[in-house]
Structure formats: C-alpha cells, structure tokens
Amino acid sequence: MQDRIKENILNISPAGLEEIVTGLGDKKFRAKQIFGWLAKGVTDFDMMSNVPASLRNRLSDSYFIGLPEAVREQRSKDGTVKCLFRFADGTEVESVFMQYSYGNSICISSQSGCRMGCRFCASTMDGLDRSLSGGEMLGQVLAMRNLTGEDIGHVVVMGMGEPFDNYEGLSDFIRLIHDENGYGLGLRNITVSTCGLIPVMKRFAEDFPQVNLAVSLHAPNQEMREKTMPVAKKYGYDELMAACREYTDKTGRRVTFEYAVIDGVNDSEECAAELAGRLKGWLTHVNLIPLNKVEGRDFRAAKDSGIHRFRDILDNNGVPVTIRRTLGSDIDAACGQLRRKRQG
Ligand code: SAH
C-alpha cells in the first residue's frame, strides 16, 4: 500500500478539527480537547490522554504534529536562546527567545529566506525558499516553549521573511494562537513587522486592528531608502507614510518605526532631523537598532555616540524613541546568519 501524505494538524482550526472528528464518527467536543493538547505542545497523539485511543490512532493515520526540530541552539548569558528549527521537509528557519522585564518573548520567522532583498539583511541573501504555514509559525512558539520550559507571552513576527508576503500563513497563525481554546495569546501581545507592502498593510488594519504593527523604515527619505531597500522602488516613501497615518487613524494605534542605524549611511544629524520633521506630532515610536554585522555585507553599525546623538535629535523634537537593547550579543546576532552558516 502506498504511504499517504500526512498533513500537519497544527494548521487546522478548531472548526476544521470538528469536521474531522465528526467525519471519523466521533463527538464534536473531542475537537476542543485535541486543539487544547496541541497548544500545550504535545509531540505525539498518544500524549492526548483524555482522547480515546481509537480516535488518536485514526488521527495519526492522516496527520502529524508538525513541531520543528531544534537542529542548532545557542544560549546567551542574558537568557536569550537562538534556535535553528527544521521542519519535516528539511526547511530551516530561525527563532529567538528573549527575556524582558515585562515577560518572555519569541521572535519567529514567517518564511524560510526572503525575496525583499534588503541590502543589510542576511535572510534575503539566497532569496526565498518558501513561506511557512500558520501551523509552522505556531510550531516555533510551541517548540521553543518545550525547549526552554518557559512561558512565552509575547510574539514578534520579525524573524526571517516578510510576513506580508505570506499573508495567508500570517493570518492563520494569528487566529490559531489567539484562539481561547488553544494558546489564547492576546492580540495586543503580537507584533508584526513589515518592510512596507502597502496593500497588505491596509488589509491587516482591517483584519487585525489590535495586533501591533512595526514598519522597517531605515531611512529618512525616498532616495536613501531606495538604496538599501528595493521594496521602496515599488512602494514609495510618501505613499508609505500616508499608509501609516491611515493605519493610525483607522486603528487608533501607534506605528513603530524600525531604524537600523548604519555607519556613514543613515546615521547623520541631517538624517535624524529630517526623520524628526516627518514624524513630529504623530502617534508613533521609533526603535533605533544598532545594525548587526552580516558576513558578506559591507555595512557596519553606527558608533554608540552616533546612535545616541540620533536619539537625542528625535527626542528633542518630541518624537518617542528608544534604542533597542542588544540581547544575545555573545551569540550569533543578526537573524538569518545561523541558517547561512549551516549551509555554507
Ligand atoms: N521583513 C520584515 C520582518 C523581518 S526583518 C521587515 O522587514 O520588517 C526584522 C527587522 O530586522 C527589520 O526591521 C529588518 O530591517 C531588520 N534587520 C535586518 N537585517 C538587520 C541587520 N543586519 N541588523 C539589524 N537589523 C536588521
């Protein structure tokens, strides 16, 4: 008999599970039990102790629990855990566990590789491998919780890939992890970061007005943004700013702008003043990120003094700004590097 191709059960919603269990002749409420077990991070159907063995066996005939395997792990003194996860088909992505004063957070990937081509980023150097499903995004959270034994109360979709280039996977993930019968993560505890795919930003504001939005800006104007972020050629600076304003008007929520400060590229006082001029008076927040060095790329982080000066200019203009705390600096920092190292 030919092997049937099994499906990842983590991709299936509670409603979908109801259809499956009733189709197998079982009671509806079993779906809720199964969904609850999956959110606990069980690795085997036989761990679902209150589900009858006959149903567990029939499920395992057609489905597998698609938790990724940790194939490399780095632990920092500050508690940060960076992990290279591998899915059943060999696809590899990175996830990072971080401890903050407000609780534990995980940075997950939405794609393996990326096709956005940002020039300072390691994840995009070999292009896009493939997008992840919602269940595979959830799988990173569950596998990381299993690995660390720690609760994870915040998720940022800021790892490898462009989440708005995989809207289906992203929206499935948000619904799955938010569901009260499963992981039950609050929408406000999720942050999605985009390089600025404007049409999808609009859709996201409609679908998930409570989820936090971060926009990778990295430049104070179109000319400079185009030089490091090819996406700017498609979606221009002014249009992006207008879309962010629209987002804020519609949702009443601030947009966080990420700005990686790169030595000699976007770190001048003029850049800071221009950015401040644009953002003054907005409901916004600027997160300055010391650039992580990426092998094979020429860009370097701005000096600390330059980053502080940049921050002060924004601050003096009343633009809320913070410098991102560097976590895990004693392990491979920039996202995408662990995967490349393995392949190289
Ligand atoms: N594609 C999405 C999310 C993934 S990247 C986005 O562009 O927002 C997450 C963040 O890390 C982005 O702000 C990205 O620009 C930034 N980033 C990429 N490479 C970096 C590097 N070498 N140093 C610091 N930040 C980097």
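**Reading the sheet and its helices**

Author: Welcome! In this predicted model, an open sheet of ten strands runs in the order 3-4-5-6-9-10-11-12-13-14, with mixed pairing.

Reader: Thanks! Which strands are the edge strands?

Author: An edge strand pairs on one side only, and here that describes strand 3 (69-75) and strand 14 (321-323). As for the angle between neighbouring strands of this sheet, they are turned by 20° against each other on average, direction ignored.

Reader: How should I read the pairing of two strands, and do strand 9 and strand 10 run parallel or antiparallel?

Author: Strands of a sheet pair through backbone hydrogen bonds, either parallel or antiparallel. Strand 9 (residues 154-157) and strand 10 (residues 190-194) run parallel, joined by three bridges. To find the place in the structure, look for V156, which stands opposite T191 in strand 10.

Reader: Now the helices. Which strands does helix 6 lie across?

Author: Helix 6 (residues 198-207) lies across strand 10 and strand 11 (212-216), and its direction makes about 165° with strand 11. Then follow helix 9 (residues 237-251): this one lies across strand 11 and strand 12 (255-261), at about 145° to strand 12.

Reader: How many helices and strands does the chain have?

Author: There are twelve helices and 14 strands.

Reader: And why does the radius of gyration agree with a compact globule?

Author: A compact globule of 344 residues would have a value near 20 Å, and the chain has 21 Å, so the two agree. Along its principal axes, the C-alpha trace spans about 70 × 45 × 40 Å.

Reader: What share of the residues counts as buried?

Author: Of the 344 residues, 55% do.

How values were computed
Residues numbered from 1 in each chain as written. Predicted model: local features only at pLDDT ≥ 70, side-chain atom pairs only at ≥ 80, totals over all residues. Heavy atoms only, no water. Pairing = 2+ DSSP bridges. Helix = DSSP H or I, 4+ residues; strand = E, 2+ residues; numbered from the N terminus. Axes fitted to C-alpha atoms, helices over the stretch in contact; angles between N-to-C directions. Contact = heavy atoms within 4.5 Å. Rg over C-alpha atoms; globule rule 2.2 N^0.38 Å. Buried < 20%, exposed > 50% of the residue type's maximum accessible area, 1.4 Å probe, protein only.
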